[in-house]
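Hi,

Here is the structure I promised to pass on. Have a look at it first, and my notes on charge pairs and surface patches follow below.

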Amino acid sequence: MSITPAMKAAARSAYRNLYRASSITFAGDEHVLKAFRMKMRNDAVAAQAIIDPETYEQQIQLGREVADVLRKNIVQGVRVPSAEGTPEVHETFRLRLTKHTELGSNETIKNPPPMELSDRSMRKQEKASQARHTSVTDVAPHNDSFAFFSPSHLSMNFSQLKKAHKERVLPELKEEDLEETFVRGTGPGGQSINKTENNVQLLHKPTGIRVSCQETRSLKLNRHIARKNLLEKVVVLPNRYIYTSLMGLSKEEFARAKQRERERRRRKKAKKKAAEKALAEADENFIIDLDEMESEEIEQQEREQSQQLSLEAATSRLEEIAELNSTIAPRLGSTDSSSGFPSVAPIASSPSPTVSAPPPPPPPPPPPAIPPLPPVVPGVPEVPKSVTAFDEIVIGPKVKPFVELTKSFATAPVIELADLIANQFQDVRSLILLSANCQQPDQKTREGLLMPLLAGIEEVTRAREKNRKERDWFGHITFLSEVGAHVGWVVNGITVEAYQSGAKGTSVAPPLPPPPPPPPPAAGPAAGAGGVAAVFAQLNRGEEVTKGLRKVDKSEMTHKNPALRASSVVHASSSAPKKPIKPIKPQALTGKKPPKFALEGNKWTIEYQENERSLIVEETSLNQSINIFGCKSSTIVVKGKVNAVTLVNCQGTSVLVESVVSSISVTRSPSFALQVMGTAPMIQLDSTDSGQIYLSKDSLGTEITTAKCSAINVSLPVEGEEEGVFEEQAVPEMLRTVVKSGKLVTSVVEHVG
């Protein structure tokens, strides 16, 4: 045997403990501290050459004891110099005591207490004790009282289960430990099963495990399979047997545990993959949003530049008009009789040196005064009345409150569409202002002025297509996107009343040609009058889409009636169509229901519990009943005396009952186990296969009734033996009925052999 890693770790721990103890005890005395640590190092180096485990353990124990002595039984004394003029009769020392120093007698040296373990060592010991408790204490032999249904069983994780499965040792079955009987079989198979005794039943006496085998028609094969199944159920521990089904060491339990571990890893991998996919989609959406934001900013800058150029052109035109008015105003002096407009005075020319001009005639009477033109401020154009009316009627009371209200409750996509519509109204205002101050442009210039409006319509359409995933707000988004086409009315000069009546719009000025239609959305071809949103709105009505339809009868189907195909006329059926029968969903396909464990009035309801090994019903009374329904592989312990216990549609469920006032009922619950610790007047079994009943000495007067049951065994306590020793007996399944004196007489058929 060599030095194990655990022993090396213990040696390192002892060395650290001794190092810390020397630091506390020899603090302040550097010479002694250095000498002690040098001694420690030399001894540690010399101990590395030890290969005997016992000597190695002795050195470790010695280091621990020395550290304990240094802490508790050695103190440091410092000489105190005497005062001047005082004779030095006795030397005085000052002792430095620590919190570990032991005062009084040195009992710790005579009887040293056990060393205090570190946190790591304590955790290791706790894990080891739990493992021993799980493998030995909780899984007791069959001789313990009701050990088979112990609710304190602790489950192991898959790695521990895998290790235990590899380390298990299959016992060697001895024929003297087996009790083998042959009985007639039941179920399908004909006379080879029901008329021959080929059902092998093995009882393992040391553990009390019973195995039944009827897999084949051959008695020899059944005996071989029965012994093989018995080996799978028993595993040998030191000086005792345990049940593999309680620890999951059998092949079936280990296969199920392996499948659960595989599913757990698959779920973990799928969850990780979904998280990575969501992160990648978030990054991709973020990059797309950045690109869209950059493109929108570029388009916004281009639109602002075009508006700025238009405003500059309008401003320069207004400045020219103002300069012209200021030049013409002083020259207004007369009025032309033919036109009625003021005439312009002739400009005086320089006199000619050769021809003398005639004297001017007398001036006519002054015409009526013309009101002066309002002063024009250079650089500040006057706002037309149409623009002012548009601001007062549309922008101020309509558009601005709409945008502010939308921002107060809506989400970001809806707010974005509201801002785009507000920008469209600003573009319309700019167009009205430009048309009021300038002359009518040519066709090419007019198309350039309409480009901002068309760009706004395209932005609204793109915003709607981009936010199709917003299911809760997509109706609002669709409505706003359709509202964005209102600028076409303004360009064509159509009023709301004319649009509703279907008439063409009229205007004082010649109407401008309609703008080109916006490009179709990228999602697909253009929809009908309501757009794609209207189609989806019709489809999202749910059951109302097919509300007006009826089921077509076979007499109205053209592919089944050639006469109808020839006439191409389908007559309505005279009789009302039959309603289809709703199929019944199989029990195996029904969804898993939530478990329930509650007291409702005077009834305990325990439903749909799976793999629960520690369900305990406490604080019971005589008027309460226990109803157990739909449980699988669970253990239920009922404490106290109750009125009745009912077990329905359960599988592999074990029930421990103390006492019952009326009866215990088991219905359609295969592979059940029932143990009565006190008394129970009646036990009723109905439509149940494979069950085990354990009775106590007080419940031997129980009446057991069975109906359509098979493989029911009753374990009775053996007289003169200690508590927990049972003798198993089978409930008869084959009955014989004869007619005697006009009556049916039924008796049990017994098979011995």
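Let me start with Arg-210 and Glu-728, whose side chains meet in a salt bridge with N and O 1.5 Å apart. By salt bridge I mean a side-chain nitrogen of Lys or Arg within 4 Å of a carboxyl oxygen of Asp or Glu. This pair links distant parts of the chain, with Arg-210 in strand S5 (residues 209-213) and Glu-728 in strand S21 (residues 726-730), 518 residues apart. Helices (H or I, at least four residues) and strands (E, at least two) are DSSP runs, numbered from the N terminus. Arg-210 is partly exposed, at 24% relative accessibility; buried is under 20% relative accessible area, exposed is over 50%, and partly exposed is in between (1.4 Å probe, protein chains only).

Before you go further: this is a predicted model, where local features need pLDDT of at least 70 and side-chain atom pairs count only at pLDDT 80 or more, while totals for chains, interfaces and linings use all residues. Residues are numbered from 1 along each chain as its sequence is written, and side-chain values use heavy atoms, with hydrogens and water left out.

Back to the charge pairs. The whole structure has 16 salt bridges. One of them joins Glu-175 and Arg-227 at 3.4 Å, N to O. Glu-175 sits in the loop between helix H6 (158-167) and strand S3 (178-183) and Arg-227 in helix H8 (residues 219-233), so the pair ties together parts 52 residues apart in sequence. Arg-227 is buried, at 16% relative accessibility.

Lys-72 also pairs with Asp-68, with 3.6 Å between the closest N and O atoms. They are separated by about one helical turn because they are four residues apart in helix H3 (residues 53-73). Lys-72 is partly exposed at 24%, whereas Asp-68 is buried at 15%.

Now the surface. Patches are made of residues with over 30% relative accessible area and no salt bridge, joining like charges within 9 Å and nonpolar side chains (Val, Leu, Ile, Met, Phe, Trp, Tyr) within 5 Å. Val-75, Phe-93, Leu-95, Leu-97 and Leu-103 make a nonpolar one, with about 510 Å² of accessible area together (Shrake-Rupley method, 1.4 Å probe). Leu-97 is in the loop between strand S2 (92-96) and helix H4 (107-110), and is partly exposed at 48%.

There is a positive patch too, whose members include Lys-8, Arg-12, Arg-120 and Lys-127. Helix H1 (5-25) and helix H5 (119-138) are the elements that give two or more residues to the positive patch.

Cheers

Definitions and conventions
Lys, Arg positive; Asp, Glu negative; His and termini not counted. Charge placed at Lys NZ, Arg CZ, Asp CG, Glu CD.
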